Amino acid sequence: MSSERTSWNHNTHYHPLVLGAVRSGCQRALDVGCGEGQLARELHRAVPQVVAIDSDEPVIGRARQLDNGTGVEYVEGDFLTYGFQPESFDAIVSVAAVHHMNAAAALSRMRQLLRPGGTLAVVGLARSRPRDLPADIAGVVAHRVLLASRTYQTVNAPTTWPPPQTYTQMRRIAAQALPGVRYRRHLLFRYSLIWAKPAASAGPEPAA
């Protein structure tokens, strides 16, 4: 048996979930709050054009250094105000970034930027309440089991703790911003949102 330990954290654990939600034939994708760009580079293996945005200048600098010529376009800027064209992405993904923004505005902006038929895949953090204690305990146990064969990879990006919204609040915000969204609470202190924008559209949505 190999003793090699794989670098891992609670965010990268859910990258396969996000990547699996992106539909075949996607041509242009956006990674919101890309950090050092690992997810964007993984996404670019299947998607010809990937744009990755983050508001932190040092983080974007590290992402560009780590890119090694994959062709991801890294953008330093505020996702809520950056001048992306409406309905210009086939897929939008985001991991551990929504809690750094106004959540309702961020999800509405993502909806605006998606083309009809496009897919949104978000993994986020939320604040636990007493009712979440059983799930949190299960998460601690799972973390310890998984860490036995992995090396925990520290997140080298600004943090916001605790997250401003609870899991229940995020579920409500998502349901309002993205009608029909699929919300799931996950074991390792995360939730996910998967949403497909209806293929029929009456035209570009108004600016968020």
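These legends describe close-up views of a predicted model. Local features need pLDDT of at least 70 and side-chain atom pairs count only at pLDDT 80 or more, while totals for chains, interfaces and linings use all residues. Residues are numbered from 1 along each chain as its sequence is written, and side-chain values use heavy atoms, with hydrogens and water left out.

**View A. Aromatic pair of tryptophan 8 and tyrosine 152.** Rings of Phe, Tyr and Trp (its six-membered ring) pair if their centres lie within 6.5 Å; planes under 30 degrees apart are stacked, over 60 edge-to-face and the rest tilted. Four aromatic pairs are counted by this rule. The centres of tryptophan 8 and tyrosine 152 are 5.9 Å apart with planes at 85°, so the pair is edge-to-face. Tryptophan 8 belongs to strand S1 (residues 6-8) and tyrosine 152 to strand S7 (residues 150-152), so the pair ties together parts 144 residues apart in sequence; strands are DSSP runs (E, at least two residues), numbered from the N terminus. Tryptophan 8 is buried at 5% relative accessible area, whereas tyrosine 152 is partly exposed at 36% (buried, under 20%; exposed, over 50%; partly exposed, in between; 1.4 Å probe, protein chains only).

**View B. Stacked pair of tyrosine 183 and tyrosine 191.** Their centres are 5.9 Å apart, with 15° between the planes. Tyrosine 183 is buried, at 15% relative accessible area, and tyrosine 191 is buried at 0%.

**View C. Ring cluster of Tyr82, Phe84 and Phe89.** Ring pairs link these residues.

**View D. Arginines over rings.** A charge sits over a ring if NZ of Lys or CZ of Arg is within 6 Å of the ring centre and within 35 degrees of the ring normal. Arginine 109 lies over the face of phenylalanine 79, 5.9 Å from the ring centre. Arginine 185 has its charged end over the ring of tyrosine 167, 3.6 Å from the centre.

Note on methods: Helix = DSSP H or I, 4+ residues; strand = E, 2+ residues; numbered from the N terminus.
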